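Here's a quick briefing to read with the model open beside you.

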Amino acid sequence: MIALLLRDIRLAMRAGGGFGLGVSFFLIVVVLVPFGVGPQSVLLAKIAPGMLWLGALLACLLSLDRILALDWEDGSLDLLATSPLPMEGVVSVKALAHWVTTGLPLVAVTPVLGLLLSLPEAGYKWLIISLFVGTPALSVIGTFGAALTVGLKRGGLLLSLLVLPLYVPTLIFGAEVARRGADGFDTTTPLLMLAGITCGTIALLPFASAAVLRVNLR
Amino acid sequence: MKLKVSDLTIARGGIPVLEGLSFALDSGQALVLRGPNGSGKTTLLRTVAGLQPAVLGRIDVPPESLVYAGHADGIKPTLSVAENLKFWAEVFGNKDYSHAIDAFKLAPLADRPAGALSAGQKRRLGLARLLVTGRTIWVLDEPTVSLDAEAVALFATAVRGHLAAGGLALIATHIDLGLSEAQVLDVGGYRAKPLAENDFDGAFL
């Protein structure tokens, strides 16, 4: 398991692994927002939590098809399926590797990007907390989507269509935590909901992903 | 250690390809599968490896004893040869992979990225993976594709060593590996009869 995690992280860091891709995409999206809505900092500050969450979500989506498709193409997935590792463990480790290489960097660069959107000072803490709590769910749900589309050639678009609706609850409560935090309100309820969604997906979805993957490998 | 297949029917894409297949392998024995393209050798191997369910029949394999090698080698192009082998060794709970490097003469290539290898060198790396798994039943699909004569000899030596150590091998191949002790099974004789076309209504139910 640890070997698989380290391999996936190493692969992501190597050339063509797409490690910086999500973060760069996030940066571009956030830089484009002021061009689209205009430079009034009052308006930007109001929409900043939602935009940052949306940007992080899309950046996460961008790298989902790499989670399993590459292993499928070169046959590693067949070999992993016949290895001693349980399939549930394989998909969980792959989701974790995706989070480490995509979700964590997004959390790390968010404060800088918050500055670009003149996020209110009180919002930084809550934005980072909400992303830290919410992005694991994005990776786990995304791995499920990747497992569903693994046998398809160029299934990236279908993957997005399947996964985006499943991201809705995470987005709603994640953005709500950040918005309430920025406005100085109490964030307990949405934060608990967000954490609940994350824990639920981590607990349940690996079983679904593994089952789907077994069917797709036939 | 015993691999036993009895009265097996297998299907690909819902269409039965082989039926009534039975064979048994004991420690130290190898079985070479032959048959024309599309006769179901790969499907049989994937079924034995547990990647797809059998339609009918039984496959008795001791748990945690089988390793499968398909058409694709599962090599990561950006990892070096040694890193690829090390990964598979760790997945199968082993540490040492040097004997595999020696057996397939990969030492001069050990630090090279696997993406820079030729097709035959990649295959050698894929076959070296079998040695690091420490599993007793090898299920191999066309293992000698793109190997030169010398590498085929290396592979035959590896298989022989594996059998001598009490291993089993189930190999689908077209070329003669020089394994005189191996039994040969032509799957062509087990071709499944086409399904009767009376299930027209069933397709809509």
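**A loop residue to start with**

Ser118(A) counts as partly exposed, since 17 other C-beta atoms sit within 10 Å. Bear in mind that this is a predicted model. You'll find Ser118(A) in the loop between H6 and H7 of chain A, and its phi is near 40°, a positive value in a residue other than glycine.

**How confident is the predictor?**

- The complex comes with an ipTM of 0.85 and a pTM of 0.89 from the predictor.
- For chain B, the average pLDDT is 86, and 95% of the residues score at least 70.

**Chain A overall**

- Chain A is built from nine helices and zero strands, so if you read the elements from the N terminus on you get α-α-α-α-α-α-α-α-α, and with a radius of gyration of 18 Å, close to the 17 Å that the globule rule gives for 218 residues, chain A is as compact as a globular protein of that length.
- Along the principal axes, the C-alpha atoms of chain A fill a box of roughly 55 × 35 × 30 Å.
- Of the 218 residues in chain A, 48% are buried.
- Take the contacts in chain A with a separation of 6 or more: 81% of them are between residues 24 or more positions apart.

**Helix H4 of chain A**

- Helix H4 (residues 66–73) of chain A has six of its eight residues buried, so the rest of the structure largely encloses it.
- Which residues of H4(A) are buried? They are Arg66(A), Ile67(A), Leu68(A), Ala69(A), Asp71(A) and Trp72(A).
- Just after H4(A) comes Gly75(A), with a positive phi of about 85°.

**The sheet in chain B**

- Chain B has an open sheet of three strands, in the order E2-E1-E4, and the pairing is antiparallel.
- Strands E2 (15–26) and E4 (56–60) of chain B are the edge strands, each with a single partner strand, so one side of each has no neighbour in the sheet.
- From one strand to the next, the twist averages 20°.
- Strand E1 (residues 2–12) of chain B runs antiparallel to E2(B), and eight bridges join the two.
- E1(B) is also antiparallel to E4(B), joined by four bridges.
- Val5(B) is a handy place to look: Phe23(B) in E2(B) stands opposite Val5(B), and Ile59(B) in E4(B) is the bridge partner of Val5(B).
- Helix H1 (residues 41–48) of chain B lies across E1, E2 and E4 of chain B, at about 125° to E1(B).

**Where the chains touch**

- How many residues does each chain bring to the contact? Chain B gives 22 residues and chain A gives 20 residues.
- On the side of chain B that touches chain A, strand E5 (66–69) and helix H2 (81–91) of chain B each supply at least two residues.
- Sorted by class, that side of chain B has 11 nonpolar, seven polar and four charged residues.

**Two loop residues in chain B**

- Glu64(B) sits in the loop between E4 and E5 of chain B. Its phi is positive, about 55°, although Glu64(B) is not a glycine.
- Is Glu64(B) buried or exposed? Glu64(B) is exposed, with 11 other C-beta atoms within 10 Å.
- Thr78(B) belongs to the loop between E5 and H2 of chain B. It has 17 C-beta neighbours inside 10 Å and so counts as partly exposed.
- What does Thr78(B) touch, leaving aside its neighbours within four places in sequence? In chain A, its contacts are Leu11(A), Arg14(A), Ala15(A), Gly16(A) and Gly17(A), and in chain B they are Pro113(B) and Gly115(B).
- Thr78(B) and Val139(B) are 61 residues apart along the chain, and 27 Å separates their C-alpha atoms.

Methods: Residues are numbered from 1 along each chain as its sequence is written. Chains are lettered from A and ligands numbered from 1 in the order in which they are written. This is a predicted model: local features need pLDDT of at least 70, side-chain atom pairs count only at pLDDT 80 or more; totals for chains, interfaces and linings use all residues. Two strands pair if DSSP finds at least two bridges between them. Axes are lines fitted to C-alpha atoms, for helices over the stretch in contact, and angles run from 0 to 180 degrees between N-to-C directions. Two residues are in contact if their C-beta atoms, placed from the backbone, lie within 7 Å. Ala, Val, Leu, Ile, Met, Phe, Trp, Tyr, Cys and Pro count as nonpolar, Asp, Glu, Lys and Arg as charged, and the others, Gly among them, as polar. A residue is buried if 20 or more other C-beta atoms lie within 10 Å of its own, exposed if 12 or fewer, and partly exposed in between; C-beta atoms are placed from the backbone. pLDDT is the predictor's confidence in each residue, from 0 to 100. The radius of gyration is taken over C-alpha atoms; the globule rule is 2.2 Å times the number of residues to the power 0.38.
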